[in-house]
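Thanks for coming, everyone. Let me put the structure up, and then we'll walk through it.

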Amino acid sequence: MSALETLENWLRSEYASQLNVSLSSQLTPGAVAVWQYADSSPETASLFDLDLGVWFKFVEISESTKVAGMVNESVQKALSDSAQLLWKTGIPEQSQDSRGTWTITLVFVIQMSCRADWEQAVQNLRAESGFTEEFSIDLVVFDNLSTLGMQLSQGLAMPRLLLASRRLLRLPPQEIESWLSADAEVKRLLGALPDRFASPQEKKLVEAMVKRVTEDTPTATSKEFPARPVDLKQINIKRMRNISDFSLALQSSGKPVVAHIIHGPNGTGKSSIFEGLSFAVSGSSRRMVEYLADTDIYRPVAANYIKNVLTPLDGSQAPQIEANGNNSLLDMPADEQDAEQRLVKFDGNLLAQEDARNFVETAGRKLGTRVLSGYSVLAQSLQSFCEREYNQANSRRQAWLREFGIAASVTKEESRLTKLVDNFIGRYYPQGTQQIEFWLDALAQRIMENSVEARSLAFDWKEADSKAKRDDLGKIIVQLNKLGADAECERAIYGWLERRNKVLARMALLRQSTARASSEIAQQRSEIEEDLVKWQRWLQRERNPEAEVTTKGLSAPDGELNKRLLVVKALGLSLAEHQQHLKQVQGTFLSSWASTHPDTCPTCNANHADAGGIVIAVAQLTDLIDRQLVATRKDYSEILSQLRELQKANEQLGQCPVSEERRIAVGRLLGFTAHESLESLLKEQNSVGLLLRSLDLLISPPELPLIEDTTVAAKRVWNAIEVENAKGAALWTLPDQWSRIKDLVDKECLGIIQHHLPRTLQAVWTEIAMTMTPARWNLSDQPRLVAESKRGSENLKIAVGNDKRQIGVRHIFNQAENHVLGLAWFFTRYLSSGRFRHSLVALDDPAQEMDQTTFRSFTRLLQTFCRLHERYDQSLTLVLFLHQEDRALDAARATNHQVTSLRWAKEIASAASVEQLILIGPEFKAPLPKPLQASAVDQLSTSS
């Protein structure tokens, strides 16, 4: 079997599978593709595709010695046949093609050993002539005939057949979602997913996830598309930049496919007209998006864009863009995001100058959102569910760790349990405060008869309640837990609590035994402070040595007054306590008591009938106590005044203002055996404050957290630890389980994307891009869309290379090649989305980056594009803006031979500045290729 025969078999298979079409051997009614071998040479064959209007001429070369001659001969024959396909007059009707002229694609099918010679031959011919501008050329290379069929099936062998694009164009809107979607593959994944996990717990999580995702995910629909695409019949633009009045009838009666080639030098308003079309279709424009994103503009809102940018500088009236009789500037975007989203929705209908260039520059995440949107609603729901569950599990674990002060770096179960023991022991029974230690220290220093016991308790308390003992308890519980001895864990806690509680019980007894001494100190707290301050002040200044002699003799009155002061103070405290008791009785239950016991005292059961009853008796007694308290306070004030006067006089004489007797008494109260020791201490600067703080501890000892029942307490603590440890164990592993599930789901969904894309969007995009690439064999590699999963979302990059070394095309391809890739995506978006929304396709000067050969490939694609819409009876309004006149004429010849020319003028108006050119009259007809003309004549003769 020859290479051409192998190619024929592959073509028959592809046409049947992709388009449900059979190859014919001659032109017959309803034929789509005709395959014919040349009579003159077994090494040449032709495929006539009536949908595309393309004559594919195949030439097989297997001998190096024949390469140059066969290339030259084939090119010359293709040039001759191309001339035959031009518009002509006087063509018989059966030899005409009513859908327009044909183009030629010359396809060389060569063995690998001939490739270098073939490339050299093509380069030599290319240097001598511009034949590649007249027709397309392509290359199929094979190693040997036995593997050619496999090579054809594996790669994009013949992109110019546009098989994937045609299949997509023929799909109705209700089938687009299923074509785009990989839900069927994801459903198969869901069915097998639980069995991919060996852990019963993970398998249970996956089964619940599959059930939930399947139930909650709606079936893909095409509700986003309107019932039929919108047709833009007429656009009128007034007072917009340099356009005073421009009108364009976009559709022609009876013609489903219309092309408008609008030409004009720079500055003639082409981009403004395109922007008007953009507003008419989407309600937004690329320039408006850039304006709204400009941080240098004050209040960049849509209304200001219309007022300040679209309105002419010398104009006062608002611009007007009227499409199908409606004002397109009434419904403006709310902000930059809204403006951008409107453009994205119609990115298959409107191509601004920079859009094609920006395609390959788009960041991976944004490109993933743009290209992969809707690839699988089920996969996106599945991945979102995994991501959400993982994040929630991780958040719950982190919150639990924070609650118990456990570092996220802790991974061992023993460390977790140790932290829990420390937390719950500390929560229920906090480590004793320093107040207990200070209190014991104060007792040891101030109350000598209890000094030994206080010091012993201080030591025992540190032993029972220290951080080290608590840590030891945690280690013991961890070891017991590893052995499964839960009862022993509880017993260990009980033992620790019991030892701690015994020390606290001894402290309670000590507090009782020192209560009287503490009470005595409390009664004299203010006097002691005053005496200490005076005493220290006297010690810290220079004393009169002569006055020392008289100190003893003058201290007697001071001592008497101090004794009287203490007696009066004690009486006052007793009266105040009695007064408080009476007032509390009067204010609470006395009246209710008197209603049933009118004469009896509720405190001592005494009978007060003689006094007029208990209420009157209490009132009389309260009055008496009040008067006695007033008199006592007066006595206390007078004695205190006398004492201060005496101390002041003594101080002026250089004597200590505190009598020796009082100093001895104060020293005794503070635990000093001799007042001289206290006097020595008072010479230090902060000694009074330290002494007073120790007194305050004695007066108000700290609370002692005694436990009533240590057995119950131990059970409560261990139960709490057990519960939280079990909860922590579950929370500990859940994020890791969801991480493994999520990683597998992401990997499988990514694999589905990578398997699905080449058969859908990538297939269409690649074949359109390669159709516009004149010499695709010179590319370093065929570009492809590479999906990646990063941080829970699909990224997409346009790359070349293999799996081991992938490089973004923007770093490898030149600007023109990257521009072609952007244009190809625009047409892909039109076929998969844009054509269902709007019949308009508008491109603003897409040829700026192209050389002439690439541009001619582009015009041939437009020619095919329009022909396919007509063949499939689908409406299309193509508007192409070009600034080069020769290219505008080329594009017009490829479409409908009409050019709208814009002239240079300060103001653009249809009447004065716009000219309509018609290149070919109605008498010119498009001929069929000669071999098909012969088939048509034969068929006509047969039918006659």
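Which residues does Phe58 touch, not counting residues up to four places away in sequence? Phe58 touches Leu4, Leu7, Leu11, Trp35, Glu43, Thr44, Ala45, Leu47, Val107, Val109 and Met158. Contact here means heavy atoms within 4.5 Å.

A word on the source. This is a predicted model, where local features need pLDDT of at least 70, side-chain atom pairs count only at pLDDT 80 or more, and totals for chains, interfaces and linings use all residues. Residues are numbered from 1 along each chain as its sequence is written, and side-chain values use heavy atoms, with hydrogens and water left out.

Now the sheet. Six strands form an open sheet in the order E1-E2-E3-E4-E5-E6, with mixed pairing. Strands pair if DSSP finds at least two bridges between them. Helices (H or I, at least four residues) and strands (E, at least two) are DSSP runs, numbered from the N terminus. At the edges sit strand E1 (23–24) and strand E6 (136–142), each pairing on one side only.

Look at strand E2 (residues 33–37) and strand E3 (residues 44–49). They run antiparallel, joined by five bridges. Trp35 has Leu47 as its bridge partner in E3.

Last, the core. A nonpolar core is a set of buried Ala, Val, Leu, Ile, Met, Phe, Trp, Tyr and Cys residues joined through side-chain atoms within 4.5 Å. Buried means under 20% relative accessible area (1.4 Å probe, protein chains only). The largest core has 120 residues, and Leu11, Phe58, Met158 and Met209 touch the most other members. Helix H31 (residues 815–837) gives the most to this core, 10 residues.

Technical notes:
Buried means under 20% relative accessible area, exposed over 50%, partly exposed in between (1.4 Å probe, protein chains only).
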